[in-house]
Amino acid sequence: MNISHIEHLGIAVKSLEQAIPYYEEILGLKCYSVEEVADQKVKTAFFKVGQTKIELLEPTSPESTIAKFIEKRGEGVHHVAFAVDSVQKSLDEVAAKGVQLIDKAPRGGAEGLNIAFLHPKSTIGVLTEFCENPQQ
Ligand code: ZN
């Protein structure tokens with residue numbers, strides 16, 4: 001497996017409308033994209049911080065995993081996403097080492113990336129995502 005950098009940090013928020021001004025007006029970052037990911041029942045907003053992005057996640061339904069996360073743990077850091085050259089190979093590699101997977105195969109995420117999640121039970125409490133840009 002080859003992790004090149006942290007692709008993004010996912011942060012759960014109740015409201016993009018309330019959260020975006022903090023990142024723009026206080027931190028001086030620019031929101032360059034707002035996108036709804038229907039199958040994950042979230043609306044996302046992206047900011048670039050060097051090579052890494054911040055992905056704000058607002059639930060669009062009470063059944064969203066983000067809604068459940070906020071209910072249980074409050075707003076805050078939700079996951080860390082590592083950029084890898086192949087999501088499938090990385091999943092196979094960690095699964096062979098006994099890591100529990102949420103996704104056994106890559107699926108489509110925001111920004112046209114292929115993504116998959118590892119189970120936080122196997123990752124010392126941090127929900128971990130692998131991302132691969134199929135354009136690269
Ligand atoms: Zn993510």
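**View 1. Cysteine 31 sits out of the solvent.** With a relative accessibility of 16%, cysteine 31 counts as buried. Keep in mind for this and every later view that the model is predicted.

**View 2. Cysteine 131, seen from its own side.** Cysteine 131 is buried as well, its relative accessible area being 2%. Its closest cysteine sulfur is the one in cysteine 31, 18 Å off and too far for a bond. A disulfide needs the two sulfurs within 2.5 Å, so a search of the whole structure comes back with 0 disulfides.

**View 3. Four side chains hold the zinc ion.** The zinc ion is coordinated by His8 and His79 through NE2, and by Glu55 and Glu129 through OE, at 2.0 to 2.5 Å. Read along the chain, these donors follow the spacing H-x46-E-x23-H-x49-E. Why is the arrangement called irregular? The 4 donor atoms subtend angles of 81 to 173° around the zinc ion, and that makes it irregular. Tetrahedral would call for all angles between 85 and 135 degrees.

**View 4. Two of the zinc ligands, strand by strand.** Among the residues that coordinate the zinc ion are Glu55 and His79. Glutamate 55 belongs to strand β4 (residues 52–59) and histidine 79 to strand β5 (residues 76–84), so this pair ties together parts that are 24 residues apart in sequence. Are these two buried or exposed? Glutamate 55 counts as buried at 7% relative accessibility, and histidine 79 counts as buried at 2%.

**View 5. The largest pocket.** Here we look into a pocket with a volume of about 770 Å³, the largest one. It is lined by 35 residues, and the closest to its centre are Thr65, Ile66, His78, Phe117 and Leu127. Which elements each supply at least two residues of this lining? The list runs β1 (3–12), β3 (42–49), β4, α2 (65–73), β5, β7 (114–118) and β8 (127–132). Helix α2 gives the largest share, 6 residues. Sorted by class, the lining of the largest pocket has 15 nonpolar, 11 charged and 9 polar residues.

**View 6. The second largest pocket.** About 310 Å³ of space lies in this one. Of its 18 lining residues, His5, Glu7, Ala83, Asn133 and Gln136 are the closest to the centre. At least two lining residues come from each of β1, β4, β5 and β8, and β1 has the largest share with 3 residues. How does the lining of the second largest pocket divide by class? It splits into 8 polar, 5 nonpolar and 5 charged residues.

**View 7. Serine 122 in its loop.** Serine 122 is found in the loop between β7 and β8. At 26% relative accessibility, serine 122 counts as partly exposed.

Key. Residues numbered from 1 in each chain as written. Predicted model: local features only at pLDDT ≥ 70, side-chain atom pairs only at ≥ 80, totals over all residues. Heavy atoms only, no water. Buried < 20%, exposed > 50% of the residue type's maximum accessible area, 1.4 Å probe, protein only. Donors = N, O, S within 2.8 Å, 3.2 Å for Na, K, Ca; no water. Tetrahedral: all angles 85-135°; square planar, octahedral: opposite > 155°, others 65-115°. Helix = DSSP H or I, 4+ residues; strand = E, 2+ residues; numbered from the N terminus. 1 Å grid on protein atoms, 1.4 Å probe; cavity = no way out; pocket = protein on both sides within 12 Å on 5 of 7 lines; lining within 4 Å. Points joined across faces, edges and corners; volume = space filled by probe spheres on them. Nonpolar A, V, L, I, M, F, W, Y, C, P; charged D, E, K, R; others polar.
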